[in-house]
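Colleague: I am new to this one. Could you show it and explain the terms you use?
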Amino acid sequence: MQFAKRFEKIPPYLFAEIDRKRDELVAKGVDIINMGVGDPDQPTPSHIVEAMHQAIDDPSTHNYPPYQGTKEYRQAAANWMESRFGVKGLDPNTQVVSSIGSKEAIHNTFLAFVESGDYTLIPDPGYPVYRTSTIFAGGEPYTMPLTPENNFLPDLDAIPEEVARKAKLLWVNYPNNPTGALASLGDFEKLVAFCQKYDILLCHDHAYSEMAYDGYKPPSVLEVPGALDVAIEFHSFSKSYNMTGWRIGFVAGNTTGIKGLGQVKTNIDSGVFKAIQRAGIAAFATSSANLQQVMSVYQRRRDIIVEGLKSLGWPIEPPKATLYVWVPVPSGYTSTEFVSLLLDKCGIIVPPGNGYGAAGEGFFRIALTVADERMHEAIKRMKAAGIRYA
Ligand SMILES: *Cc1c(COP(=O)(O)O)cnc(C)c1O
């Protein structure tokens with residue numbers, strides 16, 4: 001038997017490789033500090049778990065859910081978009097669809113809009129699915145480098161006219177994984193204008209919309225006037241509410257975008273378990289005090305890591321959002337060499353920046369998903385191994 005040819009173009013999923021390495025070392029008895037994958041280690045807030053308990057006891061949640069999400073869930077999502085971002089009047093029937101977590105919806109959006117010969121404009125470094133799903137759909141990924149010089153924002157002027165005209169989708173993600181970078185409403189305005197000019201569906205992956213610190217509130221691309229002409233936004237409970245295992249999110253925005261995605265999904269999946277949608281409705285109602293409590297754990301860890309790295313000579317500022325710290329590797333090392341050194345000398349697992357695209361070379365990513373004392377231990381091991389930035 002032979003795999004489909006499309007697999008030849010697809011690199012192994014970054015974390016599949018990292019997990020394999022971890023298992024090898026754990027089997028050897030190494031005490032690993034795994035700051036690799038962005039999977040929250042904290043429990044889902046209890047009011048959400050409680051809503052699920054109740055919903056699962058109600059037999060009316062047990063049959064097939066509507067493909068596009070229950071009416072109550074879509075309405076709750078539309079209401080939340082208004083209360084959280086001031087995005088008014090989204091039609092839950094045509095401008096909102098439920099998703100089985102964002103990853104699924106991201107992939108299926110490519111299937112809905114990209115044909116062979118089409119370009120997709122994707123960030124580099126970026127969430128690996130944008131590239132692989134372009135390839136699955138037969139398209140050509142065109143990467144937009146995110147560098148410190150441009151504040152990790154795409155340089156739209158650098159995209160050749162020829163490519164822009166053949167592009168179907170433009171992907172961005174702010175607050176950004178892996179760089180922790182932010183985009184302002186002004187940055188979103190430029191993206192909307194560009195996509196209007198070239199008739200491109202602007203896809204904003206908002207996986208970290210609630211995962212912000214120091215009072216920062218990430219904006220929605222749909223706040224930009226005219227955004228509904230060109231943009232859809234992918235929301236997920238996974239990161240902000242410690243719900244990666246639940247597999248639920250929603251996509252909101254442009255009706256054609258939602259319709260295309262919905263049509264693919266109708267043919268591929270059968271929706272989200274209705275009990276989980278009820279838990280999602282409870283998640284929308286999370287109080288800001290409760291959310292603050294969830295975030296304070298990550299904020300404390302962020303500060304431990306940033307202070308620790310500073311004490312080892314790193315020039316680094318605490319990110320205002322996301323689960324990640326994007327850290328430059330010391331000179332004389334490639335990303336891959338440096339993360340290997342951290343693994344071999346310190347038992348620390350972190351992904352190399354180039355795992356997220358060529359422009360991520362020179363960096364590595366730390367996920368804030370281990371307890372305070374493990375973070376202190378990681379810094380201690382680096383110090384003991386004589387690892388410094390300069
Ligand atoms: C984690 C992550 C996702 C996937 O989220 P799920 O809702 O769990 O599928 C999508 N995009 C980015 C940028 C992420 O970091």
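Colleague: Why is A16 called partly exposed?
Modeller: A16 has 44% relative accessibility. Buried means under 20% relative accessible area, exposed over 50%, and partly exposed in between (1.4 Å probe, protein chains only). The value 44% lies in between, so A16 counts as partly exposed. This is a predicted model, where local features need pLDDT of at least 70, side-chain atom pairs count only at pLDDT 80 or more, and totals for chains, interfaces and linings use all residues. Residues are numbered from 1 along each chain as its sequence is written, and side-chain values use heavy atoms, leaving out hydrogens and water.

Colleague: What makes K239 buried?
Modeller: Its relative accessible area is 15%. That is under 20%, so K239 is buried. K239 sits in the loop between β7 (231-236) and β8 (249-253). Strands are DSSP runs of E, at least two residues; helices are runs of H or I, at least four; both are numbered from the N terminus.

Colleague: Which UniProt annotation covers K239?
Modeller: The unreviewed entry gives "modified residue: N6-(pyridoxal phosphate)lysine". Such annotations may be inferred rather than shown by experiment; positions follow the numbering used here, and feature names are shortened.

Colleague: Why are α3 and α9 called roughly parallel?
Modeller: The axes of α3 (residues 71-85) and α9 (residues 274-284) cross at roughly 20 degrees. Axes are lines fitted to C-alpha atoms, for helices over the stretch in contact, with angles from 0 to 180 degrees between N-to-C directions. Angles under 35 degrees count as roughly parallel, over 145 as roughly antiparallel, 65 to 115 as roughly perpendicular and the rest as oblique. So α3 and α9 are roughly parallel.
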